[in-house]
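Hi everyone, thanks for having me. Could you bring up the structure on your screens while I talk you through a few parts of it?

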Amino acid sequence: MKRFIVISVIVLLVIAAADQLVGRALRHAYSHVRYDEIGKLNYIADSARTSVIIIGSSRALHHYVPSIITDSTGLSCYNCGIEAGNIYLDYALLRTVLQRYKPHVIIYEFHYGYDAMRYDAPNPSINKVRPLWQLKCRDSLLCDIDPMERVHMLSAIYPYNSLLADIVLASNRHNSPYNNALADHGYVPQFHVIKRHHESYATYTRALSGKKLGYLKKLAAECGSRLIVATSPYYEPQPDMRAVHQPVVDLFARYHVQFIYLAQDSALVGKPIYWDDAGHLNDRGARVFTSQMIHLAKQARPQLFIDNKKTKK
């Protein structure tokens with residue numbers, strides 16, 4: 001029996017040591033990827049430093065054209081949008097950016113479903129937080145969302161579960177949508193035109209997540225007056241979409257954060273030539289939207305865009 005216990009302890013120690021060694025190797029490989037979505041996440045966490053940054057999900061990624069913002073304001077701009085990102089990933093990335101430097105303007109594309117609504121389905125953005133050891137609040141955020149993460153994160157391999165193929169592929173996808181010649185400082189354009197018989201976009205409910213609202217409050221409190229929140233258009237917005245958004249509009253108002261609501265913008269809603277699918281503008285639509293959004297942002301917060309042109313890079 002004693003021998004069995006000794007052997008078991010030795011086996012466990014070997015497994016633990018192997019876990020740490022393999023985990024460190026995966027962490028090193030992941031953090032040195034410079035292409036595709038992983039490369040973009042590393043760039044945001046390690047290096048992004050422009051006067052204006054855009055944060056949000058795929059609707060940020062595909063709707064905000066940095067070159068238009070730079071031409072309009074004279075300020076450098078980078079689009080930090082990530083597919084399927086939500087407030088948890090956005091907050092973690094932004095906290096890390098703010099500890100490195102203070103952008104003049106932070107534009108947050110608010111997605112009600114990802115950033116405020118309560119639902120049971122797992123959100124892939126949490127999987128994108130785990131492997132980014134650079135994120136200053138990574139461990140505390142993960143444990144706040146799920147206390148069991150404290151146990152899971154004892155494994156050095158755990159953050160990289162199922163990511164080996166992504167790491168290898170990302171390192172070899174030099175011409176991915178994130179890095180090809182059409183990409184513009186983090187913006188990834190889309191060029192399709194929505195089909196007549198398209199798939200409808202998700203309908204939002206009024207069920208709010210207290211946890212997500214808590215992180216929205218943290219976002220507002222930590223960014224202060226430099227934060228501008230926007231909701232870009234949907235091809236077919238639901239009739240009560242403005243009412244659904246109102247609690248979040250009120251939340252940001254309490255922190256004196258400007259909310260630019262363009263979800264039902266008549267210049268773009270229902271016009272196929274501007275849409276890639278029911279939730280995402282194509283490049284033509286994104287350029288119309290970005291021009292309109294930055295015009296409204298400068299009207300609403302002119303102090304953010306005055307006397308800062310020397311910061312252009």
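Predicted model: local features only at pLDDT ≥ 70, side-chain atom pairs only at ≥ 80, totals over all residues.

Residues are numbered from 1 along each chain as its sequence is written, and side-chain values use heavy atoms, with hydrogens and water left out.

Okay, strands. Helices (H or I, at least four residues) and strands (E, at least two) are DSSP runs, numbered from the N terminus. Find strand 4, residues 227–231. Is strand 4 enclosed or open? Five of its five residues are buried, so the rest of the structure largely encloses it. Buried here means under 20% relative accessible area, exposed means over 50%, and partly exposed is in between, using a 1.4 Å probe and protein chains only. Leu227, Val229 and Thr231 cover one side of strand 4, with Ile228 and Ala230 on the other.

Who are the neighbours? Strands pair if DSSP finds at least two bridges between them. Strand 3, residues 105–109, runs parallel to strand 4 and is joined to it by four bridges, with Ile107 opposite Ile228. Strand 5, residues 258–261, also pairs with strand 4 in the parallel sense over four bridges, and there Ile260 is the bridge partner of Ala230.

Next, rings. How many aromatic pairs does a search of the whole structure find? The count is 13. Rings of Phe, Tyr and Trp (its six-membered ring) pair if their centres lie within 6.5 Å; planes under 30 degrees apart are stacked, over 60 edge-to-face, and the rest tilted. Tyr43 and Tyr78 make a tilted pair, 5.0 Å centre to centre with 55° between the planes. Tyr43 is in helix 2 (residues 36–46) and Tyr78 in strand 2 (residues 77–79), so this pair ties together parts 35 residues apart in sequence. Tyr43 is partly exposed at 35% relative accessibility, whereas Tyr78 is buried at 10%.

Then look at Tyr64 and Phe289: their ring centres are 5.1 Å apart with the planes at 90°, so that pair is edge-to-face. Tyr64 is in the loop between helix 3 (58–63) and helix 4 (66–73), and Phe289 is in helix 13 (residues 283–300), so parts 225 residues apart in sequence get tied together. Both of these residues, Tyr64 and Phe289, are buried.

Now charges. Side chains of opposite charge can pair when their charged atoms come close. For a salt bridge, a side-chain nitrogen of Lys or Arg has to be within 4 Å of a carboxyl oxygen of Asp or Glu. The structure has nine of these salt bridges. One of them joins Glu149 and Arg130, at 3.0 Å from N to O. Glu149 is in helix 9 (residues 149–152) and Arg130 is in the loop between helix 7 (125–129) and helix 8 (138–145), 19 residues apart. Are Glu149 and Arg130 buried or exposed? Both are buried.

Last stop, near the start of the numbering. Phe4 is in helix 1 (residues 2–31), and Phe4 is exposed, with a relative accessible area of 56%.

That's my tour, so over to you for questions.
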